[in-house]
Structures are given as structure tokens and as C-alpha cells.
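Please read it beside the sequence and the model.

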Amino acid sequence: MKHHPPHSTRGLANRSRVAGFTLIELMVAMMMLGSLMVTLVPLLSWVNAQRRAAAARQVAVHAAINVLEHFSARSWNDVTQDAADAVTLSADSAALLREPRLKVTVQLVEKQPISKRIAVELRWKNRAGNDLSPVRLTSFVYRRTGTP
Amino acid sequence: MTGNRAGKSLVELSVVIGLLSVVLILATRTITFLMQAEGAGRAAVVSETNFSRLADRFRKNTHAATKAERLDGDNNAPQKLQLTQPDGRVVEFRPGMGRVQVVVLRDQKTQEREVYHLNGGMTRFEITEGEQPLVSLLYETGDDASRRHKTVRIDALRGKDHRFSKQSN
């Protein structure tokens, strides 16, 4: 040991410190990668869920338009709350949404010219079983002039 | 001592290289997967937008139509839907695999043509006669047997725009 010049001892110490450094670096790198994966995986599933929700919403919008299409084509006297309560979704649309609940309301608007307000509200659940914000559509039907 | 240390760093180096290759493989796979997911997502969004545009056009043309006719073809030529507009033009919907072509004809001559690209699937039409004839567009994706099979239905009452012009009741 006496024969070793001081700088060579320093060199050895340096080398061992450098060797330890790679292990720590590796661990840090692995931890960073791990945390990245941990954040990435939920993000992926979130994006997927978002896509599924968008697709379901499109189906719901078309289903609600279909309901409104049929209901608003009724004659003035047939546009009633009783008739609205009997309205159901078509089997095709109902099969594509989770627990769909359809609510159609008819309201007489007294303001001239007298009209009836038809509101269609369609709710459904996502995979997690939560209610999503519903699709709401509104249409007004007017009394044909010259009819009793 | 020195020899020992030199060996340790070699082992360490090989371990590092091994782990690095694992990391690289994982990263490559993740990136590939992400790109695939992104591509599929974009295709779905484009298809949904196009389908909404097609549905709007179908409703509009059906509401305005004075006549709706379905021409059933054979396997080579799928069915077509012809909607006669009040101004004499005929709007023809020609479904194909993964697309629907809409052609506007005046005196049998093509005046306008538009193609709606959809993410696979097939479109067909149904006409239900009644007091107010109902024209339906049915867009089917997925196989009959698979869980992902779905049918999106667009209903439109033919001539809804003119229902107040004719005197009934």
C-alpha cells in the first residue's frame, strides 16, 4: 500500500464509485419507467373508454332523433303525454345502449301561436355502471290552421 | 482486488445491456400499440362523422322526397334507394362495402356525386308503407355471430316536409 502513489488510490476509489453509479442509475431509470407505465396504462384504458362513450353517444343521438321523427309526425290531437309515455326505443337502438331509459314529455305552450313542446330525454349507463349526461332533444309542433 | 472489480463491472455491463434490451423491446411494443390504437381511434372518429353526415343527408332528402323507391340488385350489384325530389332530381343512395355513394341525377344524368367512407360495415334500406311511408337506413357492422355486431337505424318519414300542404282531416 505504501508503494501506491496517492493518486492511484484515488483512482481506485473513483472506479468503484463509478461502478456503483451505473446500478443506481439503472434503478432510477427503472423506477422512472415504472412510474411512466403506471400512468400510461390507465391513460390508455381511459382513451378507450372515451372512444366507447363517444360511439354510444352517437347511437343515442340517432335513437333520440328516430323517436322524435315518429312522435312529431303525429297529428295535433295525438300529441299527448299519454301517447308520449307509451313511446319506446326501437329494438336495434335498445340493444346498443346499456340500460337505456327514455322519457318523452309533452307540454302545451300557451303563447300564440299555440304549440306543443316535445322533449325527448335518453339516458344510459357506461361500462362502469355510471349514468352519462343524457341526450336531450326538443321539438315544437304547431296546430294546423283550419283544423278544429 | 483490481481484477475482481473489473469482472464485476463486466457483469454489470451485461446486466445493463440485457435490461436495456428488455426496456427497448417494451418501449417499441408500447409505441406500436399506441400507434395502432391512435389509428383505430382516428378511423372510428372519421367514420362516425361521415355516418352522421350521411344520416343528415338521408333524413333531409327523405323528408323532401315525393317518391321513394328501392331497387333490389343481385349479389354483384347491391340494392339502391332512389328518392325523387320535388324539383325533379333523383337522389340515389348506392351502398357498398364500407362506403355509401350518393348520386344526384337529373334526367338520368349525374349532376353531383358524393362518397361517404365508413369504417367497414354494410348499409341497406327498408321502406315501410303506411299512412306516412317510412324509409329506414340500416348500417350494420360486425358479423352476425360476433358480440360486436351492431345495427344503427335511421328512420325518416318520406315527404315529411309536405305533410301540411296536402289537405287531410
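1. Over how many bridges do strand S4 (residues 99-106) of chain B and S5(B) pair, and is the sense parallel or antiparallel? Strand S4 and S5(B) pair in the antiparallel sense over 8 bridges, where two strands pair if DSSP finds at least two bridges between them, and strands (E, at least two residues) and helices (H or I, at least four) are DSSP runs numbered from the N terminus. Within this pair, B:Val102 stands opposite B:Glu114 in S5(B).

2. This is a predicted model, in which local features need pLDDT of at least 70 and side-chain atom pairs count only at pLDDT 80 or more, whereas totals for chains, interfaces and linings use all residues. Residues are numbered from 1 along each chain as its sequence is written, and chains are lettered from A and ligands numbered from 1 in the order in which they are written.

3. In chain B, 5 strands form an open antiparallel sheet in the order S1-S2-S3-S4-S5. Strand S1 (67-71) and strand S5 (109-117) of chain B stand at the edges, and because each has a single partner strand, one side of each is left without a neighbour in the sheet. From one strand to the next, the twist averages 15°, with axes taken as lines fitted to C-alpha atoms and angles running from 0 to 180 degrees between N-to-C directions.

4. The loop between S4 and S5 of chain B deserves a separate comment. B:Asp107 is found in this loop and has a positive phi of about 50° although it is not a glycine; B:Gln108, also placed in the loop between S4 and S5, has a positive phi of about 65° and is likewise not a glycine. Most residues other than glycine have a negative phi.

5. Chain A contains 3 helices and 3 strands, which follow the pattern α-α-α-β-β-β along the sequence. Strand S1 (residues 98-109) of chain A pairs with S2(A) in the antiparallel sense over 10 bridges, and a hairpin joins S1(A) to S2(A) through 5 residues. S2(A) also pairs in the antiparallel sense with strand S3 (residues 135-142) of chain A, over 8 bridges, and A:Val135 in S3(A) is the bridge partner of A:Leu122.

6. Along strand S2 (residues 115-125) of chain A the side chains alternate, with A:Lys116, A:Ile118, A:Val120, A:Leu122 and A:Trp124 pointing to one face and buried. A:Leu122 is also among the residues with the most contacts inside the largest nonpolar core, which has 38 residues, together with A:Ala60, A:Ala64 and B:Phe58; such a core is a set of buried Ala, Val, Leu, Ile, Met, Phe, Trp, Tyr and Cys residues joined through C-beta atoms within 7 Å. Helix H1 (residues 6-71) of chain A gives the most to this core, with 5 residues.

7. Between the chains, 24 residues of chain A are in contact with 25 residues of chain B, contact meaning that the C-beta atoms, placed from the backbone, lie within 7 Å. H1(A) gives the most to the side of chain A that touches chain B, with 16 residues.

How values were computed: A residue is buried if 20 or more other C-beta atoms lie within 10 Å of its own, exposed if 12 or fewer, and partly exposed in between; C-beta atoms are placed from the backbone. Two residues are in contact if their C-beta atoms, placed from the backbone, lie within 7 Å.
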